[in-house]
Amino acid sequence: MSETLQTTDVAAFDADLLAQTAIAVREAGSALRERFGEVVRYRTREELMRALAANDDTALDVLRPRLTRLRPDAGWVEDELDGGALPPGEWWVVDPAEGNVNHLHALPEWAVTATLVRENQPVLTAVHLPLTGETYTALTGAGAHLDGRPLHVSRTADLGLSIVATSQARPDEDEKVVRRVGSSITAMLFDALVVRAAVPATLHLLNVAAGRIDAFWQFAGARADLLPGALLVTEAGGRISDAEGRPWTPQSQSFLAAAPGVHAEAVSTLSR
């Protein structure tokens with residue numbers, strides 16, 4: 001078989017795999033939606049962690065068997081807060097309740113994500129927003145889509161006309177990272193039109209891919225936070241780097257996704 005035919009066969013297989021992955025995240029999202037609607041009260045950190053885990057388990061009970069059937073030999077990332085490089089081979093990187101704390105507070109900003117990583121490169125991703133019914137997908141070399149419609153990043157070429165966004169440092173984050181987040185927001189308040197700061201990261205990155213937001217940045221961060229959005233933004237025509245403009249990898253200490261026209265300005269602002 002020629003190399004061209006092999007490449008075509010792999011692309012067709014991955015496209016079908018993405019379609020099946022999208023079905024899986026929708027089904028998991030339906031299970032989480034049934035649990036949504038009332039603010040979950042908790043008095044201690046332990047109670048909060050149990051509530052978060054209950055949501056994760058509800059979605060994982062759907063996702064794990066379905067994704068395992070799709071790629072039985074692929075590894076499974078157990079902790080959505082993990083960072084860094086993965087071992088060789090294929091891995092499912094899943095966030096069963098991205099924005100879980102929002103779900104518990106009856107806020108609408110949460111999603112279910114599943115990304116297949118092959119040799120440390122995201123190959124395909126599906127992100128489902130159960131409250132709107134929207135599903136965002138991306139496949140390497142085939143573009144990014146919202147319910148089948150192509151996505152394109154913003155054409156904005158002036159950071160001063162841009163809406164930009166970041167997420168906060170996670171609880172128990174290193175103090176230096178927390179302070180860097182704060183100083184970066186201050187810098188962007190001077191240079192950008194509007195600055196949004198909220199969790200989760202994935203929803204900001206969906207908006208970058210769709211051209212609604214012009215740039216998103218984050219310091220530190222986990223694979224499950226950034227890999228889905230990184231693939232969506234790249235396939236929608238955006239630029240991905242670290243905050244200093246260097247190539248981004250899961251080992252990087254910062255992350256920047258931006259429309260090409262404002263990427264250099266965003267790097268300049270974040271590097272001050």
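The model is predicted: local features need pLDDT of at least 70, side-chain atom pairs count only at pLDDT 80 or more, and totals for chains, interfaces and linings use all residues. Residues are numbered from 1 along each chain as its sequence is written, and side-chain values use heavy atoms, with hydrogens and water left out.

Start with the sheet. Seven strands form an open sheet with mixed pairing, in the order β1-β2-β3-β4-β5-β6-β7. β1 (75-76) and β7 (149-150) stand at the edges with a single partner strand each, so one side of each has no neighbour in the sheet. Strands (E, at least two residues) and helices (H or I, at least four) are DSSP runs, numbered from the N terminus. Two strands pair if DSSP finds at least two bridges between them.

Now take the strands in turn. β2 (residues 90-98) and β3 (residues 111-118) run antiparallel, joined by seven bridges. Here E90 stands opposite R118 in β3. β4 and β5 are also antiparallel, over six bridges. H128 faces T135 in β5 across this pairing. Their hairpin has four residues between the strands, and G133 takes a positive phi near 80° there. Four bridges then join β5 to β6, again antiparallel. Y136 has L146 in β6 as its bridge partner. This hairpin has three residues between the strands; in it, G141 takes a positive phi near 80°.

How well covered is β5? Five of its six residues are buried. Buried means under 20% relative accessible area, exposed over 50%, and partly exposed in between (1.4 Å probe, protein chains only).

Helix α5 (residues 201-209) lies across β2, β3, β4 (121-129) and β5 (134-139). Helix α6 (residues 223-235) lies across β2, β3, β4, β5 and β6 (143-146). α5 runs at about 100° to β4, and α6 also runs at about 100° to β4. Axes are lines fitted to C-alpha atoms, for helices over the stretch in contact (heavy atoms within 4.5 Å). Angles run from 0 to 180 degrees between N-to-C directions.

The structure holds three aromatic pairs. Rings of Phe, Tyr and Trp (its six-membered ring) pair if their centres lie within 6.5 Å; planes under 30 degrees apart are stacked, over 60 edge-to-face, and the rest tilted. The rings of F36 and W110 have centres 5.4 Å apart and planes at 40°, so this pair is tilted. F36 lies in the loop between α1 (3-33) and α2 (45-70), and W110 in the loop between α3 (100-104) and β3, so the pair ties together parts 74 residues apart in sequence. F36 is partly exposed, at 23% relative accessible area, whereas W110 is buried at 2%. Elsewhere, F216, W248 and F255 form one aromatic cluster.
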